[in-house]
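Please set out what can be said about the contacts and surfaces of the model shown below.

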Amino acid sequence: MSTRARLVMFLLAAAVVAAFFSAACAHLPPFATPDHPYGERAVAAALERRTANVVSAVNFDIRAFDTLGEESILFGTVLGATLLLRRARDERHRRPVAERVMPTTRLFATLLLPVTLAVGVYTVAHGQLSPGGGFQGGVVLATALHLAYVAADYRALQKVRPLVVLDVADSLAAASYTLVGLAGLITGGAFLQNVLPLGTFNTITSGGTVPVLNATVGVEVACGLICLLAHFLDQAVEFTGPDQYEKTGDR
Amino acid sequence: MGTWVFLAAGWVLLTALFGLVTSRNLIHAIGCLTVAQSSTYLLLLAVGYRRGATAPVYSDLTPGTRPVVDPVVQALALTDVVVGATVTALLLALTIQLHKRHHTVDPQSLTGLKG
């Protein structure tokens, strides 16, 4: 199909979508309406379960089963990327070389690495209390580790990143979410039911299973993301294809 | 404001789809897909907004004193972000493989099948 024909087809389709979407928007409840029946019920349910962060309560208590699916998607992506980005038969493994880093960059990243790690752990641990949670904190933790790559080079990153351990931790965290759900099935009668004591409102142990599920997701996201990025970085830094290593003069 | 906020989400979606249709580079196309997905965040957050409301977090807020925005759509937006990130990661991995085997990232020059 020519570029022009494709564009004409798109514009026709876009006009139809725009017309239907605008008509649908006109029938939505008005913007900034004070009336949110589901939101109010979610807030009431979260306060009843003594979880201060209602978004976490929705994710790890009311919709905990959905979050299991969400977490499985993430786990599946790590598996998929591992499969897609493995070393092909005609590729060689190249030892990463030391790179020069500006001293200011090195200082900045070295200072920020422990701070970012602490922020990540805080965000995961306080997921049921303050804004944040397992998904967000996990991403911060994975980012923190990659500051080693910014501060030094790929070899420094490899030292702070035991991939085998992280792979196993990723799988264990993914599995323990289901195990917490099974605990609900055994003691309470429903899968992923909140069975632990609810604790005092606005303390780190409040919310029953919410902080536990939150922590498993935090570990899974952090480990999964580091493994995922490791495969991408391997492609860029370590692997050389048959046409590439003639150019660089390796071997 | 009225319905303009919702319509903005549709505009972002159509702009991203235009980029996707006319793209000559798969990395650019994946970027367009990410923009298309962010239109859903815009729609979700617009649906959940309440005038004068704050975040649905009661760590330093006495329940009942202030209205809060809808936490259900915020949780949905979070799910959306996670799914979007995973889709982007897998598509980028596929693009790397494609570049290795066919030495191109232009979708229009991918014509024949190759084992």
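A:Glu40 is partly exposed at 44% relative accessibility, where buried means under 20% relative accessible area, exposed over 50% and partly exposed in between, with a 1.4 Å probe and protein chains only. The side chain of A:Glu40 meets that of B:Arg50 in a salt bridge, at 2.5 Å from N to O, a salt bridge being a side-chain nitrogen of Lys or Arg within 4 Å of a carboxyl oxygen of Asp or Glu. This is a predicted model, in which local features need pLDDT of at least 70 and side-chain atom pairs count only at pLDDT 80 or more, while totals for chains, interfaces and linings use all residues. Residues are numbered from 1 along each chain as its sequence is written, chains are lettered from A and ligands numbered from 1 in the order in which they are written, and side-chain values use heavy atoms, with hydrogens and water left out.

**Salt bridges**

- Over all chains, the count comes to five salt bridges, and two is the count between chain A and chain B.
- A:Glu40 lies in helix H2 (residues 37-48) of chain A, whereas B:Arg50 is in the loop between helix H2 (26-48) and helix H3 (71-102) of chain B, so the pair joins two chains; helices here are DSSP runs (H or I, at least four residues), numbered from the N terminus.
- Within chain A, A:Arg49 and A:Asp61 form a salt bridge whose closest N and O atoms are 2.9 Å apart.
- Because A:Asp61 lies in helix H3 (residues 54-62) of chain A and A:Arg49 in the loop between H2 and H3 of that chain, the pair ties together parts that are twelve residues apart in sequence.
- A:Asp61 is buried at 12% relative accessibility, while A:Arg49 is partly exposed at 31%.
- A:Arg63 and A:Asp66 form a salt bridge with their closest N and O atoms 3.1 Å apart; A:Arg63 is buried at 16% relative accessibility, and A:Asp66 is partly exposed at 40%.

**Interface between the chains**

- In the contacts between the two chains, 53 residues of chain A meet 47 residues of chain B, contact meaning heavy atoms within 4.5 Å.
- The area buried between chain A and chain B is about 4300 Å², and carbon and sulfur atoms give 73% of it; buried area is the accessible area (1.4 Å probe) that two parts lose on being put together, summed over both.
- On the chain A side, A:Phe10, A:Phe31 and A:Leu84 lose the most area to chain B, together 18% of what that side buries.

**Nonpolar surface patch**

- A nonpolar patch on the surface is formed by A:Phe65, A:Leu179, A:Leu182, A:Leu185, A:Ile186 and A:Phe191, with about 610 Å² of accessible area together.
- Such patches are made of residues with over 30% relative accessible area and no salt bridge, like charges being joined within 9 Å and nonpolar side chains (Val, Leu, Ile, Met, Phe, Trp, Tyr) within 5 Å, and accessible areas come from the Shrake-Rupley method with a 1.4 Å probe, only the protein chains shown counting as cover for residues.
- Helix H8 (residues 163-187) of chain A gives the largest share of the nonpolar patch, four residues.
- A:Phe65 lies in helix H4 (residues 64-84) of chain A and is exposed, at 55% relative accessibility.

**Loops of chain A**

- A:Gln128, in the loop between helix H5 (103-125) and helix H6 (134-151) of chain A, is buried at 0% relative accessibility.
- Leaving aside residues up to four places away in sequence, A:Gln128 touches several residues, including A:Thr51, A:Asn53, A:Ser56, A:Thr203, A:Ser206, A:Pro211 and A:Asn214.
- A:Ala32, in the loop between helix H1 (3-26) and H2 of chain A, has a phi near 60°, a positive value in a residue other than glycine, and is buried at 10% relative accessibility.
- A:Leu192 is not a glycine but has a positive phi of about 65°; A:Leu192 lies in the loop between H8 and helix H9 (210-237) of chain A and is buried, with a relative accessible area of 7%.

**Cysteines**

- The count comes to zero disulfides over all chains, a disulfide being a pair of cysteine sulfur atoms within 2.5 Å.
- A:Cys223 is in no disulfide, and its nearest cysteine sulfur, that of A:Cys227, is 6.7 Å away.
- A:Cys223 is buried at 8% relative accessibility, and A:Cys25 is buried with a relative accessible area of 3%.
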